[in-house]
Structures are given as C-alpha cells and as structure tokens.
Amino acid sequence: MQPKIMMKKKSVSASKASLVLFLCQMISALDVPLDLSQPPTITQQSPKDYIVDPRENIVIQCEAKGKPPPSFSWTRNGTHFDIDKDAQVTMKPNSGTLVINIMNGGKAEAYEGVYQCTARNERGAAISNNIVIRPSRSPLWTKERLEPNHVREGDSLVLHCRPPVGLPPPIIFWMDNAFQRLPQSERVSQGLNGDLYFSNVQPEDTREDYICYARFNHTQTIQQKQPISVKVFSTKPVTERQPVLLTPTGSTSTKVELRGNVLLLECIAAGLPTPVIRWIKEGGELPANRTFFENFKKTLKIIDVSEADSGNYKCIARNILGSAHHVISVTVKAAPYWITAPRNLVLSPGEDGTLICRANGNPKPNISWLANGVPIAIAPEDPSRKVDGDTIIFSHVQERSSAVYQCNASNEYGYLLANAFVNVLAEPPRILTTTNKLYQVIADSPALLDCAYFGSPKPEIEWFKGVKGSILRGNEYIFHDNGTLEIPVAQKDSTGTYTCVARNELGKIQNEVHLEVKDPTMIIKQPEYKVIQRYGQVSFECIIKHDSTLLPTVIWLKDNDALPDDERFLVGKDNLTIMNVTDKDDGTYTCIVNTTLDSVSASAVLTVVARPNPPFDLELTGQLERSVELSWIPGDENNSPITNFVIEYEDGLHEPGVWHYQTEVPGTQTTVQLKLSPYVNYSFRVIAVNEIGRSQPSEPSEQYLTKSANPDENPSNVQGIGSEPDNLVITWESLKGFQSNGPGLQYKVSWRQKDVDDEWTSVIVANVSKYIVSGTPTFVPYEIKVQALNDLGYAPEPSEVIGHSGEDLPMVAPGNVQVHVINSTLAKVHWDPVPLKTVRGHLQGYKVYYWKVQSLSRRSRRHVEKKILTFRGNKTFGMLPGLEPYSSYKLNVRVVNGKGEGPASPDKVFKTPEGVPSSPSFLKITNPTLDSLTLEWGSPTHPNGILISYILKFQPINNTHELGPLVEIRIPANESSMILKNLNYSTRYKFYFNAQTSVGSGSQITEEAVTIMDEAMASRQVDIATQGWFIGLMCAVALLILILLIVCFIRRNKGGKYPVKEKEDAHADPEIQPMKEDDGTFGEYSDAEDHKPLKKGSRTPSDRTVKKEDSDDSLVDYGEGVNGQFNEDGSFIGQYSGKKEKEPAEGNESSEAPSPVNAMNSFV
C-alpha cells in the first residue's frame, strides 16, 4: 500500500477570523450610532410565504431600530389593520411583532391574507415585505374502491398514489401492513409524483398490502391510502420486451425551473429484462460537481441551477432488445436577484449622494421607488432629490431631506424589496474602536487593525506607528474604507503601537491600538502512516514547536471525530498510543494543535491488518465421476490482500477427521475444478492466505461420494531382497485408502527367476505390504511385480523390477597379495579379485587388515593392534598410510558382501625402512662453573632406525641479546652425557641438540644455560656493595629493573615480540632444512653458521629438564568407515581404525630468568 499522510494549517485570527472581523467592521462603519438621530431600519421580519400551524398561535415578526424609537402599524390585504378592534390580536411592547391568539378560540383560516409592517419616526418610515399568511392543510384521502390488479408475469405496472392536495405538499412513501418500507430496485421504484412503477412484474410481487402513505410535516400527521392488491399470474414462456417509457410519455416534454433551485428530471421505463437508464445533455456536458443521480439513475438532479443549465436533456432506456429515449427541454427562469442593493446614506448638510438599486432576473425585473412607504411619484416633493431610473440623485441636502426610500424589483416570478435611508447629520468624528485594544497575530499572516469611526461629513483616516512616527504609506500597507489598516504579511518587526487619526471639518480624534506578532505553531514531528497487526500496539507522534507566550492544546481525533472512550487509547504529552489494536481502530488519526491565534493539524492513516476471515458459502456444482467444481465467497481480507486459497479435502469413508492438501489457487479466484478419485466420500474446505498468515478453515462443504472403479495405480517402491540365503522378501508401499478406488483392495504378487524359462508364480494377499518366498537358490536374480485389485477389477499391468534372493558369506579369499613399500610410513598393497560367483551376494569391496609385529630397532614386541582399511567396489589395490619406520608388519585381505566378510588371504609380512629419529627425550644442563657446563640427555623415544650419533650446536648470547658464532659437536650414539669446557665466564649459551640415523637428523630440542662469574670480580662487587652510596644506587636500579621486567612480562603475555626474539628472528638457524618430498627424510645441514633466534617460551623449566618432542608421523587418514577408504586410483581418503599410541609431548623449552647478580653484571 502507498503511505497516507495529510497536513493542513490554518491561522484563525490572521486569516478567516480577521476577514470576518473586517466584513463586520465594514457593516458597522455604515451604522449610525444609536445615540444620534436616524430613520427606522427593519431588523427582523417573517418570511414572505409564511405557512403556519392552524393549531398554534400565529406570530408575525416585525422588529426595527431608529432614533427616536419608531412606532409600528400594519396593513392587511392592502388596507389598514386595526389591531385594537380585534381582541385576538396583540402587538408586543416596543416591537411591531403581532401575536394572533388561535389557541383560545381563534381560527387560523380567518387570518389568511397579505400583511405588511411599517416602522415610522420623525425622520422617515421603513416597510417590511408583503408577508403571505396561510395555514397548513393535511386533508384525508377521498374514499375510493380499489380493484385488485391482475398482471401477467413480465408486464409493467403502475400503482397510483394520488395523495390529497396539502399545504405544503406531503412526503410520499410506500409500506406494507407491518409498516415496513417496500423494497425498491432498478425494477421497482417510486416516481417523483409518488406513484409506484414496476418495469416488469415477477411472481414475488404478488401481495395485498401495497399502501401509499402521505406525511404532512407541518401538522406532524400521516395519511394512509387504502391497500392495493397485486396478483401476478405466470405464462410460459415469459415474453421479453424492449424498453418503453412509462413516464414521461411521448418523445419530448418541457420543464421550467427557477434560478438557484434544484432541477429534477425523471425517466422510468418498462421492459424485460429491466432497462438501464442513461442521461446526456445534447450539445454539452452535464455540470460537474452539481450533478447527481438518484432512484437507480432514473432521476437526474442538478443543484443550484443557472441560466447556463437551460437546454435539452435526453434520457435513454436500454436493454438487450433495444432502447427508448425522451428529450426534456429545460428553461431556467429567474426571480429578481440583486446586483446592487441600495445602502443607507449618511450625509452632512450641503453634501451630495446617490442611492442605487440594480437587480436582474428572467424576465428582466421592473424597478420602482417609494419614499417612506409611498410611491415616490405621489410622495412630498424634495428639491434635493432626482429620480433617474434605478438611481436617486441627491444634491445639497438639508436636514429635512432625511427619509427612508424603498426599492422594489419585480417580475412574474417574484419581487425584491429593500429599505435604505438618507440621514442628514452634522457630527464631529468619533472612533468606535476600543482604546488601547491589543491585536495578536501569527508571523507571515495578515494583521487587520480596526479603526471603526463615524462622523458627518465622513472623516478622513490616517495611521501612524509609534509615539512620534510618520504617517504610514506604501505598498506594505492596505487602507480600507472602513478605517481598517491591513498589514498583508506581518513580521516580528511589525510589533508595536499604531495610532489612528480621524478628522473632518468639525473636529479631530485619535486612538491607539497595539500589535504583537507571534511565532507560528508548527508540528515538527508528524504522525506517520502505520500498518499494525491486530492485537498489536501502535503509537503516533505529534511533537510541536510554538511561541513561548502562547499556550497550546493538543487534541486527537479519529476520522474527524473524538477518540473512542476506551482505556486502550493513551494520550501522552506528544504522542497517542493505542494498546491491543482491534479492527475498529482502523482509520485516520489527526493531531490538532490549537492556540488562541492559530491551529495546525497533521493526520496519518492506521491500517489494521490480520489474517483473513475464513471463506464461506462453499458450493459444489458440476458433479462428475472424476471432477467437481467448488466455489466459495471470500471472507474479509482485513486490509491485507488475499494472495491464495488452499483447498483441503477429507475422506469420510477411509480417514474421517483427517484433512489433506488438495490444491491451491490465486487470491483472485473463487472457483476451482477439482480432480477426484473413485470411491471417496469427499468434503472440502477452503483456507485463505495473506501476508499475515492463514485464515481459519471454512466450514466443510457438503459431502460428495464418488463411484467405485478399478484401481488407477499399483503399489510403489516394490523391492525384492532376501533376508536369508534361501528366501526372497518382496515388499511394497501399500495404496492409501482413497487410492483403492473401491472396496476389497488386494495385491497380486508375482515372481519368477530371471534368465530362466520359468512361469510366473503368483499369490493374492490383502492388508499386508510384504510377502516372503522360501526355498530359493542363494543370491539369484528374480523378476517381481505387484498389482493392485479391488472388487471391480485389476489396476493396469505393473512394471517389473529385479530383486535378488538372500546373500551368503563369500566362499574364497583374494589371491596373489603383494606389498610394495613406498617409504618408511607408506606402503601399497595389491591383490587379485575373487570370481563374482564366489562372492554369493552384492560385492561391496575389500578389507585390508594390517598390524605391527615388532620394531626392528628394539626387537621388542608389544600388544598387537590391528587396523582395517576398506576399499569400496571391485578395487585391486590400496594404500596403507601411517606406518612406523623400521618395523615389521603383517596383513591379509578379505572380500566383503552384504552378508559379511569372506575368508582371509594368507598373512603377508613386510618391513618398513629406517626413518629419522624423534627428538631426544630430554636435555639437562647442570654443574655450571666459570668455564664449563655438564650436559645430560635421553635417547629418542622413537629412534626409527639405528642411531649413529648426536649433534650438539651452541652459541653465546651477549648483553644486547645478540647471538654469537655457532659451534657444532658430533657425539657418539652410545653417549648420554658430556662436560663442555673452555667456555666464557658469566655468559649465557643457547644449545641445539638432536639425534641421527643413517637416513638423517631428527627434530631437535633447545636449552639455555649461564656460566658463573669470576671470583675476583665478585669480591670487588662485594666491596662496592658495602658502600652506602652504592646501596642506594642499586636500590634505584633494582626498582627500575623490576618495573622493566613487569612491562616485559605484560608484553609477552599479550603475545608481542620481545627484543631477544626479534634478534633471534634475524638470525634463523640456516641448517634447519625442509623435509624432502621423495622419501620424507630431513636434508643435510649446511656449512653456514647457525644463527637461529630464540623462540618465545624456549627457556628451560625450573627442573632444567627437557621433554622429548613428538616425533611420530601422524597417520594420514586414508581409510573408510571404521577402517579407511581409497579413491579409484588408490589415494587415501578415509580414516584407519584402531587406537594410536600416545607419545610424550614436546616440552615448552623455557628456562629460568637470569639471577639478579647476573643482571647487575650485565648492567655494569
């Protein structure tokens, strides 16, 4: 959906209210203050056509003002009406209003007539309109005998109402004896004259109580016509007829309507099928925004007609057999209406003036003048007055020229009467606006400052701003004739005091008013369009900004009405929250902010969405043996369009209470053709789906039981697999209940041995999905088929599948087993495949069992742990990974089928060659002296061959952690310790130690150690240490070193490099070479010096022992399942079985931190 956000702003005082005030001021500026002499002015009178209730008193109004107060008199039917002679008539005090007492014996009919009121004082006389008094009438229907109407089905009929003539005319409607309005439609409707028209009658129109009622509103009475009887008789076939107009008759008619009234044109047609009415205006368009269609388009209504609406209007009645039309010629006439009505004229002695009376109408009205209620032709002469058609011209008036003049404009459709006085006065200026009045407006809106005045001659008005301001002029101001100063666009700097000065030849007067310009009220955060699910919570914001001197009030509306009185609606300072939203909360919410000067509003639409309501009125049509049409009516979509319908079915015969998916259709579709199966008692239901979710299911449709038939399909997933060497187990998936197509569902199971000229063997079973054939040969193929049947017959011929009888263990072992050793950890095994006939089942692959017999270097046996690798399919070779170097192994091969493993081949012995050894098990450095260190070590846990020697490398580390030259020593393999002499005193050394076989060097372990200090130097240090200054210095140095150690410790724990490591990285051991790819051995050391840096965490532990590194080659996972697997080319992809012996882990090779004395020596 698109978002709906509406905002409107209005400034009450600055625009509409100010304009109303301005208009009121213009009127008041023409009014003479009531403390000055003035002719009478009629202020209130009864309407020209005054229909009264004959049961109540008649009140004829006539109110007027003047100075001195006027006296009143009346005429009735053109002659003086003496109220003093009629006891039933009284005149209200200080008023000309008459009260005729009807309730105490008077009769309204006696006072029918034309009344006119005259208000008179010494300066003139004003008269009222001619007021026509008529009592309302509500006569009874005349007695008449109404014959029953016998009408043939399909014919037209008009029931005449003919109500009695009343005043005013009654309102007509048709009801029955139970006071229920008779239903109307395109076929049956009431005309403008009250008659009831039937375009064609139907049997259901037969009734005896068609009653026409007339309601007279003035008397609040309802009159009833005698009931009319209608009897419709049927004739077959009913004859269709083309349209014929019942009203108006003929092809043309005319209509006259007065300007400003409502034009009603009517066309009602007979015909079968019922005609449809259409309206056009010949030579033009129907007026937009003023045209309406009523009574099922049989009535054309145009409001506020004008002369431009005259013309020919055509109605066209059409059905499938033809059309009929009628043209109504409309003429719009006009009673008189004002172009310029005469206005009161105030003049000073000697001034000139004019009274203008201009009116229009059709035909053009006649203009006539009266003076003080007398035709001006016979009125007393006034030398200052001259009549010129619709204008009276006054020249050099004197006080005696004061009078009231009446202008009468009349034609055949009505008249207009207006009073306008000429008042001759000599008065100095006076300002009628309140002194120091405060005006407040909103910035950027008009400001209207009032200066209502009076004076004769008419004063001149000037405006000033401020105490000593100059006269206001220019385009930024507008000066109105009534004295009002308009500032079209008021700004903040328009604030201030304004002075109005009125002067004429008799004097001068001034008045001050004050203007304040305020900041506009704004909604800076408007409510936004929201879509919310039913029972959710929604909030609309309305954050405002306003002038600090104005107090805003915030009102929330729903659909332009007050919020519901519901505790779920929470109105906060700047928001509206609706809890637990329901469908009724759907609508437009408006935030209105009001101040005394302006009002702003913003609206947003809340759309409440929910899952659709369930469909209803499910109907089954077009029932056939294998299909039916289902139709339904969608439920309310709850503001979220329905995307699709899901149709489900229940089989009341086989699975009552269980609903199954049938199909689904788009949300625009409400019918579907459903395919059916035989012998199913169907019920259907429909579920509507939209973006929110699924509706509740509809009520089930009626049940529909389809006829029985042969099965359409056979069981699926037919298989034949033996469970024993001498049987064949045939299985299938049974048909569901609705698939049986009829009662008595059974299965015909057939089988025969493949490739043997045997007949089919068959059995018929029921209520099972398995059959076991016994006494079969071992693992031979069978052709199998399963056919469904019921009481009506068989399903189509089923397709055949191939199965096998049961498997048995393989009979022979693979032969010619050969082993090719690739390197010290990998071997390749070959074998010859066994004959397929000896497999006696589905060949699944071959298993290789292998195990280590003994290590050749130690000649010691250990627990035999067999490992298994499985090779899928008809493979004849495989790779054995993860072997231990310099060891003796055995293996055998077995063939595998679905039943199990066959016999093993004879054990095959093979040996792995030597490999490189693991690292020595430990390296310990003891007995440090000034120039020597004692080294002890343990042999490798896995020598992987015959050890030929050990290699020791070492190099010094100076005070800046730089590495010195590398020294290498070869040590016989039978040694386990040595004393290293001729070392430098008080020096740290790093040692690298590994073992060798004939294949190459193994992995190394490292260690660091420090020789002790020279004794003489130590004694000098002791002498120095006894000095006080040195003790203080050393304390400071110790504190500094402690801080540095803490910093280094923190950095090392964070994983960063420390300086020694950076130095070591710069001197990597050049003799460490990568493993050769061809045999997996290590390369020879180079002759370059070893500058391998220290590794992080390479110092020895506190017990100065070194754990051996794990030198075992990890077993690359080649096998499959529990044992392992190879690819087609023999490459390893699986895992091998069996537990691998856990070996000691490599030590962390960390050593002790240097002693404080060493640190001190380094510092010195």
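A salt bridge here is a side-chain nitrogen of Lys or Arg within 4 Å of a carboxyl oxygen of Asp or Glu, and accessible areas come from the Shrake-Rupley method with a 1.4 Å probe, only the protein chains shown counting as cover for residues.

I noted that this is a predicted model, in which local features need pLDDT of at least 70 and side-chain atom pairs count only at pLDDT 80 or more, while totals for chains, interfaces and linings use all residues. Residues are numbered from 1 along each chain as its sequence is written, and side-chain values use heavy atoms, with hydrogens and water left out.

I then found a nonpolar surface patch of about 650 Å², made by Leu 1039, Leu 1042, Ile 1043, Ile 1046, Val 1047, Phe 1049 and Ile 1050. Phe 1049 lies in helix 4 (residues 1028–1053); helices (H or I, at least four residues) and strands (E, at least two) are DSSP runs, numbered from the N terminus. Phe 1049 has a relative accessible area of 53% and is therefore exposed (over 50%; buried is under 20%, partly exposed in between, with a 1.4 Å probe and protein chains only).

Next I looked up strand 65 (residues 716–721), which runs antiparallel to strand 66 (residues 727–733) and is joined to it by 4 bridges, where pairing needs at least two DSSP bridges. The hairpin between strand 65 and strand 66 passes through 5 residues, and Ser 716 stands opposite Glu 733 in strand 66.

How values were computed: Patch = residues over 30% accessible without salt bridge, like charges linked within 9 Å, V, L, I, M, F, W, Y side chains within 5 Å.
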